[in-house]
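Student: Please show me the sequence and the model. I would like to go through some helix packing.

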Amino acid sequence: MKKYKLDPVKPLIISLWMSLLLLPFKGLKVSLIFFVLLAAILFVVRYISLFKKPFAAHLQKASGAIRQIAASFTVSPALAISVALIGLAAVPLFAKDYFLDIAVLAGIYIILALGLNVVVGFAGLLNLGFVAFYAIGAYTYALLNTQCGLGFWSALPFSLVLTMVSGFLLAIPALRLRGDYLAIVTLGFGEIVRLILNNWDRLTGGPNGISGIAPPALMSLSLGRLSYYYYLVLFFVLLTLFVTRRVYCSKIGRAWVAIREDEIASSAMGIHTTMYKLYAFAFGAFWAGLAGALFAGKMQFVSPESFTFMESVFILCMVILGGLGSIYGVILGAFLLVLLPEVLREVQLYRMLALGAGLVILMIFRPQGLIGGKGVSLRS
Amino acid sequence: MFLQQLINGVTVGSVYALIALGYSMVYGILELINFAHGEIYMLGAYLGIIFLGFFTASGLTEYSLPLALVLTFVLSIIFCSCYGFTVEKIAYKPLRNAPRLSPLISAIGVSIFLQNYVMLTQGATDKVFPNFFGTAGFEFSSIRMTYLQIFIILTSIVLMMALRFFVRKTRVGKAMRAVAQDKTMASLVGINIDTIISITFIIGSGLAAIAGLMVAMYYGLVNYYIGYVAGIKAFTAAVLGGIGSIRGAMFGGILLGLIESLGGSYISGEYKDAYAFVILIIILLVKPGGLFRKADIEKV
């Protein structure tokens with residue numbers, strides 16, 4: 001058996017180094033406090049890691065027991081789904097407006113994240129400009145509504161078709177590239193779209209954006225009320241979930257996974273890789289367009305500020321946090337990332353800091369996300 | 001007018017080139033787009049302001065301005081190198097054998113972290129870099145070339161020459177080229193890969209620090225988000241010239257600076273930032289290997 005020893009020098013050096021890096025930014029006092037804190041944390045972590053092995057064994061035993069108990073309660077999927085649906089449908093009856101607002105936002109992000117999951121998770125193409133499609137969807141609805149007076153339902157097809165076409169347009173050049181180059185080109189695409197929205201004053205209103213967008217209506221009933229909007233978003237979330245699941249299980253979905261796992265091998269097996277990548281891009285963009293139209297309808301206002309690179313990263317974080325390629329994981333990730341900043345209002349300033357650190361930590365310790373699929377890899 | 005824009009373009013371009021070198025070297029060795037590199041450049045600018053403020057407060061600037069400036073440069077370079085070194089150790093080293101997209105996402109995480117770290121510690125408002133050079137310079141008929149511009153261009157050229165010499169002639173440079181060609185083989189002949197990668201990050205970060213300081217002096221204003229745009233542009237420059245090649249990064253940077261400044265004044269100033277992206281997309285499509293490098297074929 002390996003002999004464990006508490007080595008006091010390394011944590012000290014690490015914390016000294018880190019507080020030295022902090023020194024010019026925060027001054028001597030904060031750096032000293034930081035040094036003491038970090039050293040203490042590192043010591044504790046190292047001390048715990050001495051007992052890591054027995055601890056992990058206990059954990060495994062416990063999780064095994066839980067799994068056994070869970071296995072004895074077998075619930076039919078149909079029952080589970082109907083209970084979940086009734087639960088979701090009943091939310092507006094007792095929830096306050098504040099929670100409904102968050103739920104609507106979470107729903108929009110779930111649609112977005114599911115769309116991005118198609119591109120990144122299923123097909124394995126890193127798209128850093130996904131927010132461009134979201135923006136195109138939102139602006140199309142906003143413009144058609146304010147300029148041409150079209151309602152939500154008649155404008156929605158235009159939004160969807162336009163985002164799909166732009167997905168195609170981006171994909172045709174981008175798919176000749178692979179890996180990080182693809183990521184950079186999509187990032188560039190996102191920035192170009194944002195710059196156009198920001199500078200084409202006569203059409204898009206420039207940085208001021210477009211306001212006075214009418215909320216969607218069903219027959220003559222306006223869905224502007226939050227509880228109605230909740231049902232609208234819920235409907236579309238379920239639709240997205242259903243369609244992406246079905247497509248994932250189809251021949252197209254299997255082709256995407258094959259391309260993700262090994263492009264050369266899959267093309268040798270007769271999969272038209274370029275074609276299927278095109279599908280992935282356009283299919284993902286489609287959902288972004290839907291989410292964009294819903295977003296514009298909810299906010300009744302759009303401006304380029306909502307469609308920055310950070311937004312793309314935020315959606316990507318949802319997909320990665322939940323688990324690339326896992327539909328339920330992605331939903332969980334989107335929900336967590338929308339919910340957490342609301343819960344932690346006081347530390348909102350540190351939200352982005354934590355997001356950045358979280359991405360690094362996630363990549364190092366759990367690249368497959370919280371509930372990622374087993375075979376999912378980030379290969380490009 | 002044209003010549004004036006030419007001078008401005010070369011000035012900005014040589015700064016891009018300095019940042020691009022860091023991207024290029026890291027990509028050459030790790031095949032990783034180091035997203036955090038732009039933030040190191042931003043850190044350099046901020047560190048410059050902080051140290052200069054410290055020296056002014058302690059009276060050194062009044063005593064001898066050149067000494068204070070030199071010290072500011074040296075300290076900023078050292079600190080930025082430390083930051084680059086630490087970022088590599090924490091965020092990239094554990095992922096060296098991971099699938100290719102993992103380190104890229106990790107790099108985006110580092111970039112977000114550093115941006116917000118600076119925002120939280122230094123505030124979200126613009127910081128002013130004290131102007132020591134003034135607007136003094138040469139003047140021929142209608143063209144102005146400030147001393148600062150000359151300083152920036154000369155410094156960049158000297159640094160690039162030095163780097164080229166370092167990579168081509170020294171022992172460490174040779175080891176760097178070896179690691180870039182084949183990591184396994186290089187380790188078999190006794191090269192410590194970890195050390196070489198660390199050295200690469202330290203040199204790249206040092207160059208980025210100098211670029212950040214010079215930009216802070218040139219524009220006089222610094223903000224926590226300057227690193228992102230500059231980083232993307234420098235990456236474009238590196239791709240333009242052929243990523244992995246030092247000469248390519250130099251020419252790519254200056255070319256990009258020229259395109260931006262000429263396009264900004266003759267086509268449309270509002271879309272100045274978009275030119276870099278458009279060029280990037282075109283270059284990647286037409287000549288993915290860049291202007292100075294042959295495209296390689298993907299092997300199984």
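Student: Which residues of H10(B) does H1(B) meet?
Tutor: This is a predicted model, where local features need pLDDT of at least 70, side-chain atom pairs count only at pLDDT 80 or more, and totals for chains, interfaces and linings use all residues. Residues are numbered from 1 along each chain as its sequence is written, and chains are lettered from A and ligands numbered from 1 in the order in which they are written. Contact means C-beta atoms, placed from the backbone, within 7 Å. From H1(B), Tyr16(B), Ala17(B), Ile19(B), Ala20(B), Tyr23(B) and Ser24(B) meet Ala230(B), Gly231(B), Lys233(B), Ala234(B), Phe235(B), Ala237(B) and Ala238(B).

Student: At what angle do the axes of H1(B) and H10(B) cross?
Tutor: Axes are lines fitted to C-alpha atoms, for helices over the stretch in contact, with angles from 0 to 180 degrees between N-to-C directions. Those of H1(B) (residues 2-30) and H10(B) (residues 226-241) come within 8 Å. The pair is therefore roughly perpendicular (65 to 115 degrees). The crossing angle is roughly 75°.

Student: How many residues of H5(B) are buried?
Tutor: Buried means 20 or more other C-beta atoms within 10 Å of a residue's own, with C-beta atoms placed from the backbone. H5(B) is largely enclosed by the rest of the structure, because its buried residues number 18 of the 22.

Student: Which helix gives the most to the side of chain A that touches chain B?
Tutor: Here 37 residues of chain A contact 42 of chain B. Helices H1, H7, H13 and H15 of chain A each supply at least two residues of that side. With eleven residues, the one that gives the most is H7(A).

Conventions
Buried ≥ 20, exposed ≤ 12 C-beta atoms within 10 Å, placed from the backbone. Helix = DSSP H or I, 4+ residues; strand = E, 2+ residues; numbered from the N terminus. Contact = placed C-beta atoms within 7 Å. Parallel < 35°, antiparallel > 145°, perpendicular 65-115°, else oblique.
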